[in-house]
Amino acid sequence: MMGSRMVSGLLTVVLVVLLLLLQGTQSVYIQYEGFRVQLESVKKLNELEAQQVFSPRLQAQSLQSSVCQDPALPLDLQPVCTSKEAANIFKALTAIASDDCELCVNVACTGCL
């Protein structure tokens, strides 16, 4: 009786782990300038940029700086902040993500089913 409960519990743990692994493999990724980020992260980047207070004189560089300092910036986008071209990379990632990336029309997008 106790052995079957242990096996059942172990089976449940194995199934949960497998489901988590499967979710991770179904993500769409964008590869650009040596960075590999999830499409969902770029969508979050768009949200963060939209939340920034814009002034007519705000340049891309200062927007990039404020986004990079935002604690809500996804982890896979944080390495982009160390690049001198971060503002241009963020701009390109946003353009790629909006270019039918979920359908994998763009060669920079991988992981579609």
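A: Start with accessibility: buried means under 20% relative accessible area, exposed over 50%, and partly exposed in between (1.4 Å probe, protein chains only). By that scale Lys 44, with a relative accessible area of 28%, is partly exposed. This is a predicted model: local features need pLDDT of at least 70, side-chain atom pairs count only at pLDDT 80 or more, and totals for chains, interfaces and linings use all residues. Residues are numbered from 1 along each chain as its sequence is written, and side-chain values use heavy atoms, with hydrogens and water left out.

Q: How many salt bridges does the structure hold?

A: Side chains of opposite charge can pair when their charged atoms come close. The cut-off for a salt bridge is a side-chain nitrogen of Lys or Arg within 4 Å of a carboxyl oxygen of Asp or Glu. The structure holds two. One joins Glu 40 and Lys 43, at 3.5 Å from N to O. The other pairs Glu 47 with Lys 44, where the closest N and O atoms are 3.9 Å apart.

Q: How far apart in helix 2 are Glu 40 and Lys 43?

A: Helices are DSSP runs (H or I, at least four residues), numbered from the N terminus. Glu 40 and Lys 43 are three residues apart in helix 2 (residues 39–51), so about one helical turn separates them. Glu 47 and Lys 44 are also three residues apart in helix 2, again about one helical turn.

Q: Is Glu 47 buried or partly exposed?

A: Glu 47 is partly exposed, at 43% relative accessibility. Lys 43 is partly exposed as well, at 29%.

Q: Which residues does the disulfide join?

A: A disulfide is a covalent bond between the sulfur atoms of two cysteines. The test here is a pair of cysteine sulfur atoms within 2.5 Å. The structure holds one disulfide. Cys 68 is joined to Cys 81, with 2.0 Å from S to S. The pair links distant parts of the chain, 13 residues apart: Cys 68 lies in helix 3 (residues 60–68), Cys 81 in the loop between helix 3 and helix 4 (86–97). The torsion about the S-S bond is about -95°, so the disulfide is left-handed. Cys 81 is partly exposed, at 21% relative accessibility.

Q: Which residues does Asp 70 touch?

A: Contact means heavy atoms within 4.5 Å. Not counting residues up to four places away in sequence, Asp 70 touches Leu 48 and Gln 52.

Notes. Helices (H or I, at least four residues) and strands (E, at least two) are DSSP runs, numbered from the N terminus.
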